Every structure is written in C-alpha cells, then in structure tokens.
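Hello,

Here is the structure I promised to pass on to you. Have a look at it first, and then read on for what turned up.

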Amino acid sequence: MNFMRENVILVSDDGEDQRSRFCFFFFRSQDQLIWKERGHCIRFGDELVKMLLRNQGIRHLDGFCSIYNFSKRFSSLPNGTSSGVYGKVGSSVGGVNHDNSGKVEGVRQVVDVVCQVLEGGPWGPALENALSALDEKPQPELVIGVLRRLKDVGQAINYFRWCEKQTDQAHCPEVYNSLLLVMARSRNFKSLDQVLEEMSIAGIGPSNNACIELVSSCVRSQKLREAFDLLQTMRKFKFCPAFSAYTTLIGALSTIPESDLMLKLFHQMQELGYEVTVHLFTTLIRVFAKEGRVDAALSLLDEMKSNSCNADIVLYNVCIDCFGKVGKVDMAWKFFHEMRMNGLMPDDVTYTSMIGVLCKAEKLNEAVELFEEMDANRKVPCVYAYNTMIMGYGSVGKFDEAYSLFERQKKKGCIPSVIAYNCVLTCLGKKGRSEEALRVFNEMKTDAAPNISTYNILVDMLCRAGNVEAALQVQDDMKEAGLYPNVMTANIMIDRLCKAQKLDEACSIFEGMDHKVFMPDAVTFCSLIDGLGRRGRVNDAYRLYEKMLDSDQIPNAIAYTSLIRNFFKCGRKEDGHKIYKEMVRRGCSPDLMLLNTYMDCVFKAGETEKGRSVFEEIKARGFIPDVRSYSILIHGLVKAGFANETYKLFHAMKEQGCELDTRAYNAIIDGFCKCGKVNKAYQLLEEMKSKGQQPTVVTYGSVIDGLAKIDRLDEAYMLFEEAKSKGIELNVVVYTSLVDGFGKVGRIDEAYLIMEELMQKGLSPNVYTYNCLLDALVKAGEIDEAIVSFQSMKNMNCTPNRYTYNILINGLCRVRKFNKAFVYWQEMKKQGIDPNAVTYATMISGLANAGNIRDATGLFERFKASGGIPDSVCYNAMIEGLSSGDKAMEAYALFEETRRKGCTINTKTCVVLLDALHKAECLEQAAIVGAVLRETAKSQHSSRSW
C-alpha cells in the first residue's frame, strides 16, 4: 500500500512549539488516516479525515503543513464565543455570530471527533495522547455527549476516568447518570457497585430515568434476579430507586412468578413512602393466590383495606379467578357476593370466571344457576360464558347437556365460536357419536372457520372409532381448506392406531410424513416405539430408536421407559439392562417413573438384589421414593420370599408420609399374610375400607389365603361371603385358597362345596385347585374318590402336572396299590413328564415299606443310574426296607453311603437298622450305628433344651 506522509506541527495558545511533546505524523491511505506516535497506531475513519480537512485542522501545502491551533479550533464555536467544551476561550474564524443551533452543531462535531478517536483502537497511552491533543480539560456537555454515543462500557469507564483526571474534579450528576445509561444499554454491571458508591460519597443519586433504564434492560434480557439485586445495591447505598423501576420489576416477576421477591420490593416501596395503588395490590394478590398461598393473599387484601384503598372490579375478578383455580371455591363465592354488597355489578368476566370455577370444582348445579341468572339479564348472549358452560358440561361427561346448550346458543341468534364447536365435537367424539359430529362439523363451516384443533379433534375421534379411511379424508379436507396437518395431527393418528393395534397403518403414516412441512418430534417416535414394543416387535422398536438418534432427536425418559419395559416383557432382560446403561451413557437423566418401571421389570425377572439396588439408586439420584416405588419393592420382595421385610418398609412409608393407594395396600397386606402377620393384614383391610379405598379381589384373596393357611377357616369364609356381597368378582385363586384350607384340616365336604360353587360361577378350576383337592382326599384316605376327581380333572381339559401324579402315586402306595401306582408312573412318562426325586422317593418308599425290596432296589438303582440324586426320604425308606427284609449288611452299606452324602438319617431308621444288625450278629457295624443313634439323640435333646 502506498502511503503519503503529512508533517504536522502543533502549537499551544502561547505559541510554544509542541513537537517535543507530541511528535506524531499522519499517513494517508485510501480510506483512512493513521495516527502514528512512538510506535503506536490509531486509525481514523474517512469521515473524521474529511471533517478535519474541511475545518482546516490540517492544511497541506506542497508537502508542507501550515501551523494551526487545534485548541482554538475545537474550543471555539462559530459565533466567536467559547463553548466551554474544551480548554480556553478563543475566537472563531471570521467572528460571525450564530444562534444556539450552531452551538449544538459545534458540540456534535467535537463529540464525533472524540468518538472516532475512542473507536480507533484499544485504550492505552496512544489513545490518551490522541485525546490530549484535542484539549486538556473536557467539559460536562462533551462528556455527556460522548457517553451517550458509546456502546462499550469498558471504553466508557476509561474515558470517564480520563476526563476526571484531566479536570481534576468529580463529575457532575448528569455525567454519572450518562455512565449508568451506558451500563444499561450494554447490560454490563460489573462496575456498578463502584460507580454507585462514588455517587453516594459525592451526594449524587441516580436519576429516575437511569434507574428505570437499568431495570428495564435486565427485564428485557430476562435477567430478573439481576434486576432485583441491582435495586438492592441502590438501597445499600441509601438511594431511592424510581417508582416505575419498582413497578416494572414487580410486573416482570409476576410472570415467573417470584412472589417472595415481589413482596420484598413492595415493602421497600412502602418504606420509601411511595403510594401503592390498587393495581399493584392486584398484581401481588394474583401471584400469591395462583401459588395457593391463600393466607399471604388475604393478608395483602386486609392491608389494602387498611390503607383505605377501595377494591375495583378488576381486583374482584382476579380474586374470584385465582382463588377458585386453587380450589378455594368458598372464597371465590365470598368475593362474588362482596363486590355486589360494595355496589359493583358483576361484568361478563366476573360471571364467566365464577362459572368456570364452579365447573372445575364439579359444582355444576351452582354453575348452571349462575349461568341462567346471567343469561336472563342479557339481551345478547355472552359467548365466553356459553363456551365456559359448554366446556363445564363436557368436563364432567354431561355431553348431552353440552350439546343442548350449544343448540340453545344458536337458537338465540348467537353464532357459536370455534371454541364452542371444538368442545361439542370433543363431547360427541367421547360419546362415540361420530356421524353426528361430522354433521356438526359441516354446519360449523357456515358459522366459524374450523382451525387445526378442529381437524385434530375429528382425526382423533375417527381413529378411536377405527375409521382410518375417514381420518385420512379429513386430512385431505384440511389441505383443501388451506390448513396443513401439523405434527400433532400425525401424532394423534399414530398414537390411536398403535393403541388399536394397527401398527402397519401407523408405520405407513410415519413413513409418509412430509419432512419439508414438519419433522417427527419426540412424541411421534415415542408413540410408535411403544406401540411396536407392546406388540412384541422390539427389534422394530429398537431400529426406530436408532432412526430417532440419526435424525438428531434426543430420546427422552419416556422412550427409554418403553424400550426397557418391552425388552423385559419379551424375556430379553440383558437387552433391557443394555438400554438402561446406554441411556445413562448418553446423559439422559431417568425420571422416577422410569426407575420404578425398571425396578418392577428387574424384580419380575427374578433379580431380587438388582431390584434392591435400583431402589437405592432412586434415593441416590435425589428422588423421594413414592408409593409406587415402595409397592413394587414390597411386592418383589414378597414374591422372592422376603415377606418378613414388609413391616420395616411399611413403617418407612408411613414415616415418609406416603398416602397408600389400593396397589400399596394390596402389596403390604399380601406381605403381612405371607410372613404370618395375618392380624396386621386384617387391620390394614379395615383401615383401607375406613379411608374410602375399595378392597379389590386381590385384597380379599390375600387375607382369605392368609387366614386359611393358619386354619382360621371360619373367618376366611366370612370374608369370602363379604366380598361376594359387595359384588366383587372372585377368581379361581380365592376359591383355591378355601379348597386348600378346608382340605388340609379334613373338611372335605366343605372343600367339595367350594369346588362346586366355583364351577357354577362359570370358572374353571386350574391344576393347583385340583391338586389341593386330590391332596386332601389322599390324606383323608379317600383314594378312590381321588381317582374319580383325577379323571374329572382330565375331562375338564385340565392337564395334570408332576405334582398331581406324585400325589396319586403317594396315595396308592399308602394303601399298597403298587400296580395301580406303577400304571400312573407309566402314564406320567407317556405324557412327557419325567419323574423327579419326589416321585422316585414316593415309589421307592412305598415299595420298601410294603416289603417289596426287590422292586424298590431296582427302582432305586435306576434312579441313580439316570443321574438322579436320592434325598433323605429315599435313603431312609431303602435302609428301613432292607433292614426289615433281613438284608442287614446291604442296609448298612446304604447307611454309610447316606452318611457320606450328608443326608439326614432318622432315629427310627437307626433303630430298625440296629435291630437288623444285632439279629445278623454284625456287632461291629451295630456299634457304629449305636454311636450315631446316641449322637442323634443328644443333638435332638440339646436342640429342644435350647
């Protein structure tokens, strides 16, 4: 770049050469002038260059520069008098007088020069010298003008301090307030404390305008806490912030809301002597009432009345609306009647608010009465009141009344709004009257233009009815009306189709979404992922999850909850665990619902310790376990055999203040019954009824089973009858508990009666029911009756299991019908049911006890050869059989084998074997058996003593 050097010599007013002091020169480039001084450069824009040349601040003559006094030029105004902006008084060029507009223009030009200098580079010695070259003592008018133009608060503070040094005196109030305005514009308050402290020491206060701008700046940038702190800083230095600064911030805080901060500001205003208005009281009361802080709101009302402020209709309307919405209906009524007593007539807002409050509280009769009172006194119906009343009817399911009121509105010549039409369409949809809804929709087109919500309501209604073709036609109608389906429309269709198990149609809509118009959102993906997962298509659900990630959608806790639940439900628990770990790795924080679902899945998968750890994780993540968390934990532990922990967890719930729901009561009652605390379970059942919680079949079933297991059968039967009298549909499980209970105590006839009643109710006994009955018959010695019941079981297409055959084989062996027992043994094997250790032990014991040692031994050896492990019952039966069959040494050999395997040998078995060994004169072996017998007797004695 080519530069042209221009020498400049500055002189002071007394003619002294300033070259040694300033020593600088300019370079001219194409578009700017560069100030170079002792290695520092400051760039000036072209506008400044033109102004300097135009005003003869620099005169270039054939490579030389004329001497010119900068100080005089920029300190003198066109009329020849001093402006007081810079330095000493000097005469103007030509000495021509001008009016005040000329003075203003002169100051503006100097402000332009200073701002160009300040914007030319960072603050430093070079920039300070450039400013010094213009003059020595800047005056307030110039400083104010410059500060008003600056945007960088750092540069403004540097210039502010530099001017302070140049004049060697404190700035005036206007300059300080101009600096505060710079801070407000830039929203940079780092130096605010220091500036306010200086102002306080100097006895200067922020102007009202500065206060308002500082607060408004914070409000515009949504930094309301910073605005609050700013006012508190002013109060710290004993300043009095402007009235409007307080009201602006209180109004902004009411939208968050921050009621406590608002109240503190309100009290500060009162301390400062500001007159608080009804409008201000209204703002605070609205916020406190909406938060449910009724006492604070009423306190403000009392304070307002004590200040002789008369409540206006706006305040009453706010009180009715806000108190009503937090459930204080009586308070809302009180304000409604009070305003009438004070001579204020309720307006449309008053009536509509009160009607809305009553509808929300389901006090529909009072709402109707008030609505009729309002409607009777009006010639023209109030559209808002009609809308509110129609929605009120709809919210409590009175769809016919809503539709009737809608028709009445039309008959009165009042055209219903789109809100009323949408509400009526929703009501008709919930009643399943889709054809009538379509008729109303067609009528609507002549009265009110349907909006997207209208079409979405129709789509939802038709999808619920399974009429997908009609729903798609509605989508086409939307486009013809100039409205295009939005993501909510697609979400409604996908969700409803998934719930109707029409997954292919839902996937088709998802694939056909026009991504140019709208993109699938988290709701879209979650609905389809859940729908696919619930139908067992977990692989498709996971592929959709991956597609969600590819489309830059961040899966939320709902998506992960669905994936985890459905993987576990399909028996793929390892994949469920992987999903949870992936969620944590991706930084998605689980919510309480997800953790509860995960814990439930883990317990159902039989991972008890993992379930416990998930419960602890809930607390570790900062959540407070809710009633569902405890219900899942108790239920899981009871199923895993840890019912004894129920009591401790029940008390933990009580201490935490959990309100038990039906599911919680059922889990705790079942836990108490399983661990033998049946009386406690009975008490909880009574508590449940007294609190208005209706016991379910699960509740009654748990207590009936608990009572039956401890032989309190009469009480169990009374509960059984009570449940029936309350219209509770009892299931097979409840009947089976009574069959089992009566059967075990030998009350066979009552067990039969319960069985008959079960079948008369149209219920089918399951294998467990038949097993209970068969076991009771066998123990009562009614083996023939047991065989009849077994045949009846097969006739009812109830497939016997291994336990069924074991009961029958045991019963037949007891009555020495070994051939018949062997028949069932063979039948069992034909059914593909392999005999287990119990079956073998039953047959072997029966044969051995009957003296059929040969068959017993053969069966015993086959059992061991097939990999079976005989248990103590089997060994004891064989030892006793061999001993009784005069095979003492074989019995002794089996005795030693039993000891080596660590199986328990009964005292009776030892006595039988000892007699056999004595008869066979096997004295050495008899001595060993005798020693074992003595040790067994001693250990049993010490156990009883303990």
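**Two exposed loop residues**

Asp-552 counts as exposed, because its relative accessibility is 68% and the cut-off for exposed is over 50%. Please keep in mind that this is a predicted model. Asp-552 sits in the loop that links α29 (538-550) with α30 (557-569). Its phi is positive, about 65°, although Asp-552 is not a glycine.

Asn-797 is not a glycine either, and has a positive phi of about 60°. You will find Asn-797 in the loop between α43 (783-795) and α44 (802-814). With a relative accessible area of 72%, Asn-797 is exposed.

**A cis peptide bond**

Another loop to open in your viewer is the one between α12 (243-253) and α13 (259-271), where Pro-257 is found. The peptide bond that runs from Ile-256 to Pro-257 is cis, and its omega is near -5°.

**A buried serine**

Is Ser-631 buried or exposed? Ser-631 counts as buried, because its relative accessibility is 3% and buried means under 20%. This serine belongs to helix α34, which covers residues 627-639. Its side chain reaches the backbone oxygen of Val-627, at 2.7 Å. Leaving aside residues up to four places away in sequence, Ser-631 touches Asp-661, Arg-663, Ala-664 and Ala-667.

**The nonpolar core**

In soluble globular proteins, nonpolar side chains tend to be buried together. The largest nonpolar core here has 287 residues, and the ones that touch the most other members are Tyr-159, Met-183 and Leu-249.

**A pair of packed helices**

How do α21 and α22 pack? Helix α21 (residues 399-411) meets helix α22 (residues 418-430) at an angle of about 145°, and their axes are 9 Å apart. The crossing of α21 past α22 is left-handed. On the α21 side, the contact is made by Phe-399, Ala-402, Tyr-403, Phe-406, Gln-409 and Lys-410, while α22 brings in Ala-420, Tyr-421, Val-424, Cys-427, Leu-428 and Lys-430. Sorted by type, the residues of this contact are nine nonpolar, one polar and two charged.

Best wishes

Definitions and conventions
Residues are numbered from 1 along each chain as its sequence is written. This is a predicted model: local features need pLDDT of at least 70, side-chain atom pairs count only at pLDDT 80 or more; totals for chains, interfaces and linings use all residues. Side-chain values use heavy atoms; hydrogens and water are left out. A nonpolar core is a set of buried Ala, Val, Leu, Ile, Met, Phe, Trp, Tyr and Cys residues joined through side-chain atoms within 4.5 Å. Buried means under 20% relative accessible area, exposed over 50%, partly exposed in between (1.4 Å probe, protein chains only). Helices (H or I, at least four residues) and strands (E, at least two) are DSSP runs, numbered from the N terminus. Axes are lines fitted to C-alpha atoms, for helices over the stretch in contact, and angles run from 0 to 180 degrees between N-to-C directions. A crossing is left-handed if the near helix is turned anticlockwise from the far one by less than a right angle, and right-handed if clockwise. Contact means heavy atoms within 4.5 Å. Ala, Val, Leu, Ile, Met, Phe, Trp, Tyr, Cys and Pro count as nonpolar, Asp, Glu, Lys and Arg as charged, and the others, Gly among them, as polar. A polar contact is a pair of N or O atoms within 3.5 Å; within protein, one must be able to donate a hydrogen and the other to accept it, and residues adjacent in sequence count only if both atoms are side-chain atoms.
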